[in-house]
Amino acid sequence: MDKNTAYKTLQNTHNVLKDNGKVIIFEFIHPENNKFFPNLAFKLVKKVEDDNLFPEFLSYDKEKYFMDNGFKIEKAHKFQYTVIYELVKL
């Protein structure tokens with residue numbers, strides 16, 4: 001999603017959560033190894049994503065991005081080409 005939509009989505013989520021409420025974010029990341037299948041899956045996802053938005057989001061400092069939107073990363077569960085963020089409302 002574009003930057004404005006992502007911001008509005010996080011702000012609306014922030015507004016409806018109770019204090020210390022949690023939200024789960026599932027996001028794709030660059031594979032950390034050079035194995036064939038994780039890289040193939042990542043390339044397929046990249047093809048269906050907007051060419052400009054996906055690389056931009058991948059480049060964000062996620063801790064700062066979520067903090068700027070009122071959330072703290074409580075846990076980050078990394079897999080081969082995905083990460084699941086557990087965010088807590090500040």
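**Sheet, core and aromatic rings**

Three strands form an open sheet in the order β1-β3-β2, with antiparallel pairing. Its edge strands, β1 (22-28) and β2 (71-78), each pair on one side only. The model is predicted: local features need pLDDT of at least 70, side-chain atom pairs count only at pLDDT 80 or more, and totals for chains, interfaces and linings use all residues. Residues are numbered from 1 along each chain as its sequence is written, and side-chain values use heavy atoms, with hydrogens and water left out.

**Sheet**
- Strands pair if DSSP finds at least two bridges between them; β2 and β3 (residues 82-89) pair in the antiparallel sense over seven bridges.
- Ala76 stands opposite Tyr85 in β3.

**Aromatic pairs**
- The structure holds three aromatic pairs, with ring centres within 6.5 Å; planes over 60 degrees apart count as edge-to-face, under 30 as stacked and the rest as tilted.
- Tyr65 and Phe66 form an edge-to-face pair, 5.4 Å centre to centre with 65° between the planes.
- The rings of Phe66 and Tyr85 have centres 5.3 Å apart and planes at 65°, so this pair is also edge-to-face.
- Because Phe66 lies in helix α4 and Tyr85 in strand β3, the pair ties together parts 19 residues apart in sequence.
- Both Phe66 and Tyr85 are buried, meaning under 20% relative accessible area (1.4 Å probe, protein chains only).

Key: Helix = DSSP H or I, 4+ residues; strand = E, 2+ residues; numbered from the N terminus. Phe/Tyr/Trp six-rings, centres within 6.5 Å; stacked < 30°, edge-to-face > 60°. Buried < 20%, exposed > 50% of the residue type's maximum accessible area, 1.4 Å probe, protein only.
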